[in-house]
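Please keep the structure open while reading.

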Amino acid sequence: MDILLTFLGFIFICLGIIGSFLPVLPGPVTGWVGLLLLHLTKAIPQNWTFLGITLFVALAIFILDYFIPALGTKKFGGSKYGAYGTTIGLIVGLLSPIPFGILIGAFSGAFLGEVVFDGKDTNKALKASFGAFLGFLASTGIKFIAASIFFVLFFVKLWEYKAAIFTF
């Protein structure tokens, strides 16, 4: 059972890193589930303080993820349409087969959202879309850093208790 929980934990840790870039998967929260699964094994002593702190970090980043792109858009004079456009462009870019589709989609979606909102001033729309794009990059970077730290923590614990987990 320990090996199954460890394997599932590894899957969730990897999904956490992937979820840092995909808007449909909450990266740090998914990575935290991987840590939880590892700590549910009989081989690793349950450390509820460690799990509580990492859960708090994961949830805080999950909540901030909804505010950071909007703050970037607002800081550069954009509207909520720019933030909506960023999300829609991100999904379209994710599904497109072009390189860097996520980045191109996020930027162009923010721009189109701002042009739809205020079609008269394309310079303002360009500036606001740049803000939305920077917000998206900041949010993605924070999620990736947290998911990567969870990944390292997972393997540190796994290495520490490898003999107890993989004994037959």
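## Helices α1 and α2

The crossing of α1 and α2 is left-handed (the near helix is turned anticlockwise from the far one by less than a right angle; clockwise would be right-handed). From α1 come Leu-5, Thr-6, Leu-8, Gly-9, Phe-12, Ile-13, Leu-15, Gly-16 and Gly-19. From α2 come Gly-27, Pro-28, Thr-30, Gly-31, Val-33, Gly-34, Leu-35, Leu-37 and Leu-38. By class, the contact residues of α1 with α2 are ten nonpolar, eight polar and no charged. Here Ala, Val, Leu, Ile, Met, Phe, Trp, Tyr, Cys and Pro count as nonpolar, Asp, Glu, Lys and Arg as charged, and the others, Gly among them, as polar.

The model is predicted: local features need pLDDT of at least 70, side-chain atom pairs count only at pLDDT 80 or more, and totals for chains, interfaces and linings use all residues. Residues are numbered from 1 along each chain as its sequence is written, and side-chain values use heavy atoms, with hydrogens and water left out.

Helix α1 covers residues 2-19 and helix α2 covers residues 27-39. Helices (H or I, at least four residues) and strands (E, at least two) are DSSP runs, numbered from the N terminus. The two pack at an angle of about 165°, with axes 7 Å apart. Axes are lines fitted to C-alpha atoms, for helices over the stretch in contact, and angles run from 0 to 180 degrees between N-to-C directions. α1 and α2 are therefore roughly antiparallel to each other. The classes are: under 35 degrees roughly parallel, over 145 roughly antiparallel, 65 to 115 roughly perpendicular, and the rest oblique.

On the α1 side, the contact is made by Thr-6, Gly-9, Phe-10, Ile-13, Cys-14, Gly-16, Ile-17 and Gly-19. On the α6 side, the residues include Lys-143, Phe-144, Phe-150, Phe-151, Phe-154 and Phe-155. The contact residues of α1 with α6 divide into eleven nonpolar, five polar and one charged.

α3 and α6 pack at about 170°, with their axes 7 Å apart. They are therefore roughly antiparallel to each other. The α3 residues in this contact include Phe-50, Val-57, Ile-61, Asp-65 and Ile-68. Among their α6 partners are Phe-136, Ile-142, Lys-143, Phe-150 and Leu-153. The tally for α3 with α6 is 14 nonpolar, six polar and two charged.

## Aromatic pairs

How many aromatic pairs does a search of the whole structure find? The count is six. Rings of Phe, Tyr and Trp (its six-membered ring) pair if their centres lie within 6.5 Å; planes under 30 degrees apart count as stacked, over 60 as edge-to-face and the rest as tilted. Phe-76 and Phe-130 are edge-to-face, at 5.8 Å centre to centre with 85° between the planes. Phe-76 lies in the loop between α3 and α4 (80-95) and Phe-130 in helix α6 (residues 122-160), so the pair ties together parts that are 54 residues apart in sequence. Phe-76 is partly exposed, with a relative accessible area of 25%. Phe-130 is partly exposed too, at 38%. The cut-offs are under 20% relative accessible area for buried, over 50% for exposed and in between for partly exposed (1.4 Å probe, protein chains only).

Phe-154 and Phe-155 form another edge-to-face pair, at 5.3 Å centre to centre and 80° between the planes. Phe-154 is buried, at 1% relative accessibility. Phe-155 is partly exposed, at 31%.

## Single residues

Is Glu-114 buried or exposed? Glu-114 is buried, with a relative accessible area of 3%. Glu-114 sits in helix α5 (residues 101-117). Not counting residues up to four places away in sequence, Glu-114 touches Thr-73, Gly-78, Ser-79, Tyr-81, Gly-82, Gly-119, Ala-125, Ala-128 and Ser-129.

Thr-140 is in helix α6. Thr-140 is buried, at 8% relative accessibility. Leaving aside neighbours within four places in sequence, Thr-140 is in contact with Ser-20 and Phe-21.

Leu-55 lies in helix α3 (residues 48-75). Leu-55 is partly exposed, at 28% relative accessible area.

Terms used
Contact = heavy atoms within 4.5 Å.
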